[in-house]
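Good morning, colleagues. Please have the sequence and the structure open while I speak.

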Amino acid sequence: MNKYVVILAAGKGTRMKSKLYKVLHKVCGKTMVEHVVDAAKGTNADKIITVVGTGAEKVKDVLAGQSDFAFQEKQLGTGDAVMATADLLENLDGVTLVATGDTPLFTSETFNNLFEKHIADGNSATVLTAKAPNPFGYGRIIRDDAGNVLRIVEQKDGNAEELAVDEINTGVFAFNNKELFDALKQVGNDNAQGEYYLTDVLEIMRKAGKKVGAYEMSDFSESLGVNDRIALAQATKIMQKRINEAHMRDGVSFIDPDTAYIDSDVKIGNDTVIEGNVVIKGNTEIGSDCYITSGSRIVDSKIGNNVTITSSTIQEAEMDDNTDIGPNSHLRPQAIIRKGAHIGNFVEIKKAEIGEDTKVGHLTYVGDATLGKDINIGCGTIFSNYDGVKKFHTNVGDHSFIGAGATIIAPVNIADHAFVAADSTITKDVDKYDMAIARGRQTNKPDYWHKLPLSKDKEWE
Ligand code: UD1
Ligand code: CA
């Protein structure tokens with residue numbers, strides 16, 4: 001049996017009060033519509049078609065290569081939206097699952113269960129339902145005394161008795177594909193919103209003598225529809241719990257999973273420990289046996305094994321095995337920390353490679369530089385890389401020693417085994433085994449104390 005998935009994502013999302021188009025709002029780092037497409041992919045459907053309208057180009061950019069697209073010119077309702085796929089689907093045999101782009105929590109498992117149930121029951125239409133603790137805003141499932149599904153009534157169209165029903169339409173359906181398009185042609189817009197409702201297809205099919213059923217899922221939270229920011233935060237909480245529990249099952253420890261904010265696609269190795277109040281975002285990979293303390297934020301970065309990150313911010317950077325950083329340091333884009341290197345506190349590194357076993361312990365800025373192995377960078381060193389117009393590069397060779405408080409004015413090359421004396425301002429290259437010292441000499445003035453005005457007030461001279 002051929003399987004198709006249609007995802008409705010053409011609506012404006014007025015209730016979000018946003019410049020950003022609704023289905024592009026993110027839940028745990030991934031747009032809502034991508035979450036739905038991910039779940040659809042897990043069904044091995046023959047086609048996935050996303051219906052776009054408002055903000056069509058932006059949605060297409062996000063989903064490029066993952067979905068086909070149909071264009072709904074005017075947002076005349078969910079029924080009209082499915083109709084927009086007619087050119088791509090109408091004449092095909094098979095089963096079509098329709099979902100909405102604003103329900104990010106559905107899993108492939110649920111979609112697969114619906115396909116199976118629909119096919120096993122020999123239905124023309126099967127609606128996925130759930131019992132909602134607060135059904136307000138959802139379509140209600142109206143059944144007869146024998147439990148057969150009669151129709152779906154929208155919030156704005158229901159009478160008191162209908163609105164008292166707590167079984168809701170999750171917005172997901174399976175349909176016999178050809179019969180779906182036959183029925184859609186008969187959907188009208190005589191309702192409170194003047195829209196063509198997809199939900200009316202059930203009653204139309206039933207009245208035409210076709211078999212219509214429901215599949216009630218046990219977990220309502222999966223069907224949460226996001227129409228406003230409150231639901232967006234609720235969806236994020238639920239998704240976060242799911243993500244963190246999956247990591248725990250894979251051997252990651254969380255001190256406080258409620259406050260560890262991990263994006264959907266982040267990878268974490270086993271025996272890594274994550275404290276509370278940690279944010280790990282985007283395309284980040286973390287190895288095994290790492291320890292990440294509270295106050296750390298890691299974005300789009302690659303962290304090796306046995307790395308300790310203490311209250312630090314890491315963005316588009318790399319840390320190899322057996323490295324550590326922090327507290328309160330900042331790796332900016334293209335910072336690469338090689339094996340065994342140590343980055344201490346209040347250090348900022350940008351577009352620079354820090355070689356194996358090199359130590360950058362305290363209060364230092366390294367920008368546009370290549371540092372070799374086993375170097376010691378003293379406290380308060382500044383790699384001065386910018387003249388206000390251009391950036392310049394610095395190289396420091398293996399086993400060199402840079403004394404505290406040095407200012408290294410790029411471009412400059414410091415060779416292997418070079419020694420830079422503390423507080424030097426380095427503007428020229430330093431050769432192998434040389435020591436560079438570039439600072440004012442100290443002068444001591446004997447008995448100067450007595451010439452100072454403050455000496456008069458002091459009794460101990
Ligand atoms: C819809 C259902 C409701 C169900 C709920 C589940 C209808 C009439 N109502 O209500 O029964 O309980 O979902 O979450 O189907 N869209 C289009 N084109 C349009 C209108 C909507 O593509 O012309 C898309 C939207 O982008 C959205 C989805 O369809 O992703 C659902 O639309 P929305 O306005 O959110 O419907 P609900 O009021 O939530
Ligand atoms: Ca909705």
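This is a predicted model: local features need pLDDT of at least 70, side-chain atom pairs count only at pLDDT 80 or more; totals for chains, interfaces and linings use all residues.

Let me begin with Thr 381, which counts as buried because its relative accessibility is 0%, and the cut-off for burial is under 20%. Thr 381 sits in the loop that joins strand S29, residues 376–377, to strand S30, residues 382–384. Leaving aside residues up to four places away in sequence, Thr 381 touches Leu 363, Thr 364 and Tyr 365, and also Ile 402, Gly 403, Gly 405, Ala 406 and Ile 408.

Gly 94 is found between helix H4, residues 86–89, and strand S6. Is Gly 94 buried or exposed? With a relative accessible area of 14%, Gly 94 is buried. Its contacts, again not counting residues up to four places away in sequence, are Met 1, Asn 2, Tyr 4, Phe 175, Asn 176 and Asn 177. Of these, Phe 175 is 81 residues from Gly 94 in sequence, yet the two C-alpha atoms are 8.6 Å apart in space.

The other glycine, Gly 42, belongs to the loop between helix H1 and strand S4, the latter spanning residues 47–52. Gly 42 has a relative accessible area of 34% and is therefore partly exposed. Beyond the residues up to four places away in sequence, Gly 42 touches Ser 108 and Asn 112. Gly 42 and Asn 112 are separated by 70 residues in sequence and by 8.1 Å in space, C-alpha to C-alpha.

How many of the 10 residues of H1 are buried? The number is 8, so H1 is mostly covered. The buried residues are Met 32, Val 33, Glu 34, His 35, Val 36, Val 37, Ala 39 and Ala 40.

H1, residues 32–41, packs with helix H2, residues 56–63: their axes come within 10 Å and cross at roughly 45 degrees. That angle is why H1 is described as oblique to H2. The crossing is right-handed. On the H1 side, the contact involves Val 33, Glu 34 and Val 37, and these meet Val 59, Val 62 and Leu 63 in H2. By class, the contact of H1 with H2 comprises 5 nonpolar residues, no polar residues and 1 charged residue.

Helix H7, residues 177–184, and helix H8, residues 200–207, have axes 9 Å apart and pack at an angle of about 100 degrees. H7 and H8 are therefore roughly perpendicular to each other. H7 contributes Glu 179, Leu 180, Ala 183 and Leu 184, while H8 contributes Val 201, Ile 204 and Met 205. The contact of H7 with H8 divides into 6 nonpolar, no polar and 1 charged residues.

Finally, I come to the calcium ion, ligand 2. Which residues coordinate the calcium ion? They are Asp 102, through OD, and Asn 227, through OD1, at 2.3 to 2.5 Å. This pair links distant parts of the chain, 125 residues apart. Asp 102 lies in the loop between strand S6 (95–100) and helix H5 (108–121), and Asn 227 in the loop between strand S11 (212–216) and helix H9 (229–249). Asp 102 is buried, at a relative accessible area of 12%, whereas Asn 227 counts as partly exposed at 22%.

Key
Residues are numbered from 1 along each chain as its sequence is written. Chains are lettered from A and ligands numbered from 1 in the order in which they are written. Side-chain values use heavy atoms; hydrogens and water are left out. Axes are lines fitted to C-alpha atoms, for helices over the stretch in contact, and angles run from 0 to 180 degrees between N-to-C directions. Helices (H or I, at least four residues) and strands (E, at least two) are DSSP runs, numbered from the N terminus. Angles under 35 degrees count as roughly parallel, over 145 as roughly antiparallel, 65 to 115 as roughly perpendicular and the rest as oblique. A crossing is left-handed if the near helix is turned anticlockwise from the far one by less than a right angle, and right-handed if clockwise. Contact means heavy atoms within 4.5 Å. Ala, Val, Leu, Ile, Met, Phe, Trp, Tyr, Cys and Pro count as nonpolar, Asp, Glu, Lys and Arg as charged, and the others, Gly among them, as polar. Donors are N, O and S atoms within 2.8 Å of the metal (3.2 Å for Na, K and Ca); water is not among the atoms, so sites may look incomplete. Buried means under 20% relative accessible area, exposed over 50%, partly exposed in between (1.4 Å probe, protein chains only).
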